[in-house]
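Hi,

Here is the structure I said I would pass on. Have a look at it first, and then read my notes below.

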Amino acid sequence: MAWRLRKPPARVWLVLLLLALGGVLAIIEQRDVTLPGPVPHDEAGEPDFYLEGARMTRFDAQGRAYQRLETPRLVHTPEDDVTRAETPRIRIFDEEGRIWFARGETGTLGAGGNPLTLRGDAQLEAPEEGWRLDTETLVYDNATSHAWSESEALLRQHEQRVRGERFDAWIDEGRMRLTDNVRGIHPPIDEEQGS
C-alpha cells in the first residue's frame, strides 16, 4: 500500500499567498520610513519638543482660528519659551474674516506665543487690497493685530512701489503706514487692475 499526500485545498494556498504578500509589503514599508533629523541645538538650549512637517493653528478665547503656521520644522525650547520655525508660511485671519499671508526664511513665536517675528526675505501680503510688503524683519503682535518692520520695507500695489525705513500695519483696521525716507514710483493704475 502506497501512501500519497493529498493536494492542499485552494484555501491553504490563498492563505500562504496572503502571508507572503503581507511580508513583502511590511519589508517595503520599513524601507520607506524616514528617520527624524538631528535634534536641533542653539543658544537657548535643548528643545523639549520638535515637529517635522508641522501645521499649527492658534485659536482665540471664542474658539476662532486667528493664525495658522505651516513649516517643515517647528522647535520649542523651554529655557526661553520660544518656538522657532524654518521657512514658515503663515495665514492671519482678521476680525472681518480676511486672510493675510506672511512668510520668512525663519520665524519665532515669543514667550507665550507672541509676538511672531519673521526674518530673512520676510513678506506680508493682503490679497484683497492687492498689496505686498517685502522687508528683512517683520514682527506681528496678535494681541493688538499690529505688524511692523524697522528695517527697510518695499510696499507694492499693482505697478506702484514705495520704499520706507519703517512699516506699520493694523490688520483688523485694514490700515498701513510707511515712514522715514519714503520714496516711490506711482504710475497710473489701470481701471481694470485697480478694481
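**What I found**

In the protein chain, 33% of the contacts with a separation of 6 or more are between residues 24 or more positions apart (contact meaning heavy atoms within 4.5 Å). Before the rest, some ground rules: this is a predicted model, where local features need pLDDT of at least 70 and side-chain atom pairs count only at pLDDT 80 or more, while totals for chains, interfaces and linings use all residues. Numbering runs from 1 along each chain as its sequence is written, and side-chain values use heavy atoms, with hydrogens and water left out.

The chain has 2 helices and 14 strands (DSSP runs numbered from the N terminus: H or I of at least four residues for helices, E of at least two for strands). Of its 195 residues, 32% count as buried (under 20% relative accessible area; exposed is over 50% and partly exposed in between, with a 1.4 Å probe and protein chains only).

**The core**

The largest nonpolar core comes to 26 residues, and Leu124, Trp131, Leu133 and Phe167 have the most contacts inside it. A core here is a set of buried Ala, Val, Leu, Ile, Met, Phe, Trp, Tyr and Cys residues joined through side-chain atoms within 4.5 Å. Two or more residues each come from β2, β4 (89–93), β5 (99–103), β7, β8, β10 (153–157) and β12 (166–170), and β7 gives the most, with 5 residues. Leaving aside neighbours within four places in sequence, Phe167 touches Leu124, Trp131 and Leu133, and its other contacts include Trp148, Ser149, Met176 and Leu178.

**Cavity and pocket**

How many cavities of 30 Å³ or more are there? The count is 1, and the largest cavity has a volume of about 40 Å³. Its lining is Ile92, Ala102, Leu116, Leu118, Leu124, Leu138, Val139, Tyr140 and Ala147, with β7 (116–126) and β8 (131–141) as the elements that give two or more residues. By class that makes 9 nonpolar, no polar and no charged residues.

The largest pocket has a volume of about 290 Å³. It is lined by 14 residues, and Asp60, Tyr66, Phe93, Glu95 and Asp172 are the closest to its centre. This lining divides into 6 nonpolar, 3 polar and 5 charged.

For the terms: on a 1 Å grid over the protein atoms alone, a cavity is a set of points where a 1.4 Å probe fits but cannot get out, and a pocket is an open set with protein on both sides within 12 Å along at least five of seven lines; lining residues have an atom within 4 Å of a point. Grid points are joined across faces, edges and corners, and volume is the space filled by probe spheres set on the points. Ala, Val, Leu, Ile, Met, Phe, Trp, Tyr, Cys and Pro count as nonpolar, Asp, Glu, Lys and Arg as charged, and the others, Gly among them, as polar.

**Some polar side chains**

Thr77, in β2 (residues 65–77), is buried at 1% relative accessible area, and its side chain makes a polar contact with that of Asp80 (2.5 Å). Such a contact is a pair of N or O atoms within 3.5 Å; within protein, one must be able to donate a hydrogen and the other to accept it, and residues adjacent in sequence count only if both atoms are side-chain atoms.

Ser149 sits in β9 (residues 146–149) and is buried at 0%; its side chain has a polar contact with the side chain of Ser151 (3.1 Å).

Glu52, in β1 (residues 49–59), is partly exposed at 41%, and its side chain makes a polar contact with the side chain of Arg73 (3.0 Å).

Cheers
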